[in-house]
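I am opening a notebook on this structure. Below are my entries in the order I looked things up.

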Amino acid sequence: MSPAAPALVAVRLRVNGRERVESVPPRLLLSDFLRYRLGLTGTHVGCEHGVCGACTVQLDGVPVRSCLMLAVQTDGAELTTVEGLAPGPDRLHPVQEAFRQEHGLQCGFCTPGFLMTVTAFLRDHPIPSDQEIRRELAGHLCRCTGYQNIVRAVRRASVLLATEKARERAGTP
Amino acid sequence: MTTRAIGARIVRNEDPRFLRGLASFVDDVNPSSVLHAACLRSPHAHARIRAIDASRARAVPGVHLVVTASDLGDLNEPGPLLIPHPNLTHPRTQRPLAQNEVRFVGETVAFVVAEDRYIAEDAVDLIAVEYEPLPVVTDVEAALAAGAPLVHADVPGNRAARFPQRVGDPDGGFRLAAHLFRDRLVIERSCGSPIEGRGVVAEHDPRTPVLRVWTSTQAPLPIKNGLARMFGLPEFQVEVIAPDIGGGFGTKIMLFYPEEILVPWAALRLGRPVKWTEDRREHLIAANQERGQVHEVEVAADKDGRILALRDHFIHDAGAYTPYGIVVPIITAAQLPGPYRLPNYDVEFEVAYTNKVAVSPYRGAGRPHGVFVMERVIGRIARELGLEPAEVRRRNFIQPDEFPWDVGLTFQDGGPTKYDSGDYPAGLEMALERADFAAFRAGQAAARSEGRHLGFGIGCYVEGTGIGPYEGAHVRVEPSGKVWVATGLTTQGQGHYTTFAQIAAEALGCDPRDVTVVTGDTRKFNWGAGTYASRGLVTSGNAIHTAATKVRDKALRIAAELLEASPHDLELADGRVRVRGVPGKELGLGELATVANPIRYAYAKEASEAALRLVKSRVGAVLGLGEEPGLEAFGYYAPSQATFASGCHVAIVEVDPVTGDVRILRYVVQHDCGSMVNPMVIEGQIHGGVAQGIGGALYERIVHDETGQPLSTTYMDFLMPTAMEIPEIEIVHKETPSPLNPLGIKGVGEAGAIPGPAVLAEAIEDALRPFGVRIREMPLNPNRIRELIEESPDTDTRGDG
């Protein structure tokens, strides 16, 4: 097969709240699109076959493997990557904060994928059991932590998020 | 006084950048106009290359370069033999690109550089290679058998090395034996598999002129100096950066991987930056692997189960090349005795070439194998003599008053295998108590009566850590009062940016959060070796301590002069030097740094003002003879020998004899790495190590078929455990400081991974005792456990036990 340059396809999407319009080759992986085209290198690629979960991003709020999707499939979508989690340069997202407090990361390579899954998981399951946490995390591989402190981080994040929500309801910052 | 920085459980300085996605791993480095490379790898485990036709690949639009062995000229020489040894009589190392012959599936045959990776991979597919398949050998025992196919035509019998060693009088010990047992024990091949694979980016700037290389390595300095030699460049024109490294586990201590030569070469040749990023399939076939040994062990014990002598003969699988020499089997031999007195010890190993990717250290580095053998021997004695395995251990432990204890063998670093400190009996009791062993046997019996099979396993180890040659550090205080520390080794997740900061902060009496640490950048520190062998904290840590102590002394000297006090009356805490008992007489580190700079006026207004009020008018030159500017110092640390950490792991498992499934109900770790710098980081290291130990015992296995085709080339086949497989790990700390270094520390990086196979073997065997199953191999999957139950002579007692 001769690899003639394929026609480019236009995609329009929102990434971390920002509108993006790009022309991409049809075969460009979403992970490569994010990393090389948009410069969002926080999304990491660990296996390129959908097992390790390092490349997980949220597509319309749902965690997906960006190595198993093509950029052209995201036309019209709303994407969130790890760079879009923290509310500002001085504050971490509660899930990020919990990972720090519990030493839930070592080399940090798999971490963005975990964060994207855990933030969506805690949104849908605000008070998970340990078994539920472990089952959810099982879609991700970490070679450094043995998972124990990640499980703890998810537990702590659940508390931090609940506290934040309570504060919001009470109208205090 | 500030609370002590060393020993504090503090969160990591480096975390925010990782959590925000702002870290910089090698593949995150994208110089402008960077080109992308892909490798053509051998599909054969052994073949002659008849011809290569790359013309169609070269014609692909967007392809800039297609390289085969003949294009590389003299550069395509076999890589360096990193650790020569007189017993390694037939070393062989790999060329960047295979020349005439390939010896394992995955060996690099051609290298393509193109506009992007997609095009590069298209072009790789268009390279036509005519191979003549040659006979293949993958099994280590078959490799040494007469008439085996030769991996290297000029290595007779595939034997790279043979190394007999002897301590005491083993024959005498065997003559006195009341009991004599033999076993054949097998531990299969595995690999490190960090989630970030390998990667290399290189750019050459002819204007500076500098060759700059980013590589996911554990040893940038040796790579820098090696590349300079290969390319005929001065060392000062080559810069190598190991930025953030996404896990190493030993896999990335190998140098040079072919791509580490090919990428910089292509960048020099093309005058454009070039990047290559390993994909997972490449990692699982072409990144170095480990484990893979077959032991024949024989033990002589007295009537009480005390070991009189031990003989071990083992074959070590080298794969197709021996870039790391025979360091892994040397470690196995030296560390096999573990915490036990082994007065008479005969160990011989042979190293066999096979048609598989090369072996170099992977977390544990020969130790899991040795510990598996020794602990299986302990288990065998217990079984045969009707003793508790813990009791056999108690009877054989080296006692706390017997240090230093000389095992009698030369260690991996050429120094003695001489244990510096430890308390092995106490360690065992701590682990047993935490796991509530006292209650276990009754619970086990009760469970058995309900048809549940529980087992208790123990695994003890001693780990040589903190070996030389040396590391160094540069510590500088800035006018802001912030501290900068640079050291030559790398960080691949160990938390060095925090633990090293704690060591500097301790000496300087400041907050570890005010200390910024740089590692793995030859531009920032030019001396050292790398991060391997659980040596980072011991070597760089003590170097930082040395340098920071010099800085502290200089700060006190300057302060004494300015404050007109005796240095003995000064104290350094909270980043300030104070005259004891004289309120208000104090200076901050930043102020002292300002004064230490002969050009004082331009920086840090407040610090300048505070300090300069006290400065007296100058007499003579701004720097006296031998005096240096700045509040900074260099320090080095070269250990005299290894420090020996130790530990005892305990597992309680439940085995389902119908499915062969093993559930770990409890996993307790007692460990001792000397004085602790940050217990939180240490626990993290142990958790991760234990997960790798469990993976290596129950899940992970590199499999080849008889033609040498690797069958475990994805994460669906090479089964790394997930959060569902790894249990909660309970840790109890013991600290017996090392007398060998100022900080009293020992390494901890590999510890967790070492006893996993041993402890689970003992636990599974204990659980399956009613079936008479013996565990003599690792790893074990459920299918194999069922086979062992079926093969056991005692199966007819099935579960009635």
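**Entry 1: a strand inside**

Why is strand 26 (residues 643-655) of chain B largely enclosed by the rest of the structure? I checked burial and found that 13 of the 13 residues of this strand are buried, so strand 26 of chain B is largely enclosed. Buried here means under 20% relative accessible area, exposed means over 50%, and partly exposed lies in between, with a 1.4 Å probe and protein chains only. Strands (E, at least two residues) and helices (H or I, at least four) are DSSP runs, numbered from the N terminus.

Before going on, I note that this is a predicted model, where local features need pLDDT of at least 70 and side-chain atom pairs count only at pLDDT 80 or more, while totals for chains, interfaces and linings use all residues. Residues are numbered from 1 along each chain as its sequence is written, chains are lettered from A and ligands numbered from 1 in the order in which they are written, and side-chain values use heavy atoms, with hydrogens and water left out.

Next I looked up the partners. Two strands pair if DSSP finds at least two bridges between them. Strand 18 (residues 453-465) of chain B pairs with strand 26 of chain B in the antiparallel sense, over 13 bridges. There F456(B) stands opposite I652(B). Strand 27 (residues 662-672) of chain B also runs antiparallel to strand 26 of chain B, joined by 10 bridges. H649(B) stands opposite V669(B) in strand 27. The hairpin of strands 26 and 27 of chain B has six residues between the strands, and G660(B) takes a positive phi near 80 degrees in it.

**Entry 2: the sheet of six**

I traced an open sheet of six strands in chain B, in the order 7-15-14-13-8-29, with mixed pairing. Its edge strands are strand 7 (159-167) and strand 29 (777-778) of chain B, each pairing on one side only. Helix 11 (residues 367-385) of chain B packs on this sheet and touches strand 8 (179-190), strand 13, strand 14 and strand 29 of chain B. Touching means contact, with heavy atoms within 4.5 Å. The direction of helix 11 makes about 145 degrees with that of strand 8 of chain B. Axes are lines fitted to C-alpha atoms, for helices over the stretch in contact, and angles run from 0 to 180 degrees between N-to-C directions.

Strand 13 (residues 290-301) and strand 14 (residues 307-319) of chain B pair in the antiparallel sense over nine bridges. I picked out V294(B), whose bridge partner in strand 14 is I315(B).

**Entry 3: the sheet of seven**

I found an open sheet of seven strands in chain B, with the order 3-5-1-12-9-10-11 and mixed pairing. Strand 3 (63-68) and strand 11 (238-241) of chain B stand at the edges with a single partner each, so one side of each has no neighbour in the sheet. The twist averages 20 degrees from one strand to the next.

Strand 1 and strand 12 of chain B pair in the parallel sense over two bridges. H36(B) has K275(B) as its bridge partner in strand 12. Helix 7 (residues 220-231) of chain B packs on the sheet, touching strand 10 (210-215) and strand 11 of chain B.

**Entry 4: a buried glycine**

I looked up G495(B) in the loop between strand 20 (483-487) and helix 15 of chain B. G495(B) is buried, with a relative accessible area of 0%. Leaving out residues up to four places away in sequence, G495(B) touches R12(B) and E14(B). G495(B) and V681(B) are 186 residues apart in sequence, yet 6.7 Å apart in space, C-alpha to C-alpha.
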